[in-house]
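Visitor: I would like to learn how to read a few features of a protein model. Please take them one at a time.

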Amino acid sequence: MSKMTRFYEVGGPEVLRYEDVEVGDPGPGQVRLQHGAVALNFADTYFRTGLYPAQSLPSGVGSEACGTVTAVGQGVTQFKVGDRVTYTGAYNTLGAYSTERLIDAAPLMHLPDGIDFETAAAITMRGLTAAYLMRRIWAFQKGDTILLHAAAGGVGLLVSQWAKLEGLNVIGTVSSDAKAEVALAHGCDHTINYSHEDVAQRVRALTGGVGVNAVFDSVGKDTFEGSLNSLKRRGLMVCLGTASGPIPPFNPQMLAMKGSLFLTRPASADYIADPAEKAELAQELFGHVAAGRIKVDISKRYELADAVQAHRDMEARKIIGSAIFTV
């Protein structure tokens with residue numbers, strides 16, 4: 001019998017249930033997948049709380065995992081039994097917190113031999129995010145400076161390393177001295193402890209009063225204004241997430257008043273919707289990791305049965321780097 005974590009109502013971590021499920025045979029366009037490792041992402045909490053409404057209840061949780069194809073449905077030609085694959089998505093891949101599942105073949109990517117399952121679970125979404133931030137979101141030039149919130153988080157550690165490969169200066173924000181050490185070891189040139197430092201003031205001091213070219217902000221409500229105040233004239237504000245809550249409504253005139261700023265709220269799905277573009281980004285990502293140019297740190301491993309505790313730890317910001325579920 002396979003196992004799956006589901007929720008029947010939205011709410012706190014306690015609504016998650018670990019249950020027996022029947023998987024069955026794949027239908028047209030589907031494969032059956034035996035998971036090797038499952039990702040743990042902050043976005044998983046958005047579905048559980050209802051910030052991202054599930055299409056129906058009960059609902060699975062989690063949208064990223066990797067494993068081995070054990071059966072293929074009619075019309076599936078790009079994958080065969082025994083293939084190692086990884087995937088990430090949103091609604092179209094919901095249900096990753098499971099030992100085995102059926103899934104449409106479309107979101108799947110072949111996993112290179114040099115990338116093991118645990119590494120793949122830790123980097124597929126985070127790494128593709130880092131890839132499009134570095135390659136698609138802005139025409140960065142060597143010597144540009146970025147402000148990276150949650151620099152010791154899973155995405156932050158990958159972005160900072162990739163940014164250094166591109167010759168960028170990286171200022172990272174953290175919440176503790178321990179996280180600062182991790183961020184500095186992974187490419188940050190400077191760190192700011194937002195628990196007792198004013199981020200915008202510190203950024204201005206570090207940049208000679210000019211500000212940064214871009215801000216990558218996954219925190220949201222608590223950091224939004226400070227992020228805007230950290231940008232140089234005509235800089236880019238990238239809203240990646242809302243860990244502290246949604247950004248309140250604001251008058252766009254504020255962007256003009258603060259220096260004709262640009263603002264974007266990207267969704268990964270829009271940067272990997274084209275299979276060719278996704279493959280290109282994934283190839284560069286996996287190439288960097290396999291060659292050791294980008295290192296992957298997995299700080300916590302949970303059993304799938306421990307999803308409640310995993311969500312509590314994640315929301316309490318107790319996780320440094322990436323965390324995964326072992327299967």
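Guide: Gln78 is partly exposed, because its relative accessible area is 40%; buried means under 20%, exposed over 50%, and partly exposed in between, using a 1.4 Å probe and protein chains only. This is a predicted model, where local features need pLDDT of at least 70, side-chain atom pairs count only at pLDDT 80 or more, and totals for chains, interfaces and linings use all residues. Residues are numbered from 1 along each chain as its sequence is written, and side-chain values use heavy atoms, leaving out hydrogens and water.

Visitor: Which residues is Gln78 in contact with, leaving aside its neighbours within four places in sequence?

Guide: Contact means heavy atoms within 4.5 Å. For Gln78 the partners are Asp83, Ala105 and His110.

Visitor: How many aromatic pairs does a search of the whole structure find?

Guide: Rings of Phe, Tyr and Trp (its six-membered ring) pair if their centres lie within 6.5 Å; planes under 30 degrees apart are stacked, over 60 edge-to-face, and the rest tilted. The search finds nine such pairs. Tyr46 and Tyr52 are edge-to-face, because their planes stand at 70 degrees, with ring centres 5.0 Å apart. Phe224 and Phe250 form a tilted pair, with 5.2 Å between centres and 50 degrees between planes.

Visitor: Is Tyr46 buried or exposed?

Guide: Tyr46 is buried, at 8% relative accessibility, while Tyr52 is partly exposed at 28%. Ring pairs also link Phe42, Tyr46, Phe47 and Tyr52 into a cluster.
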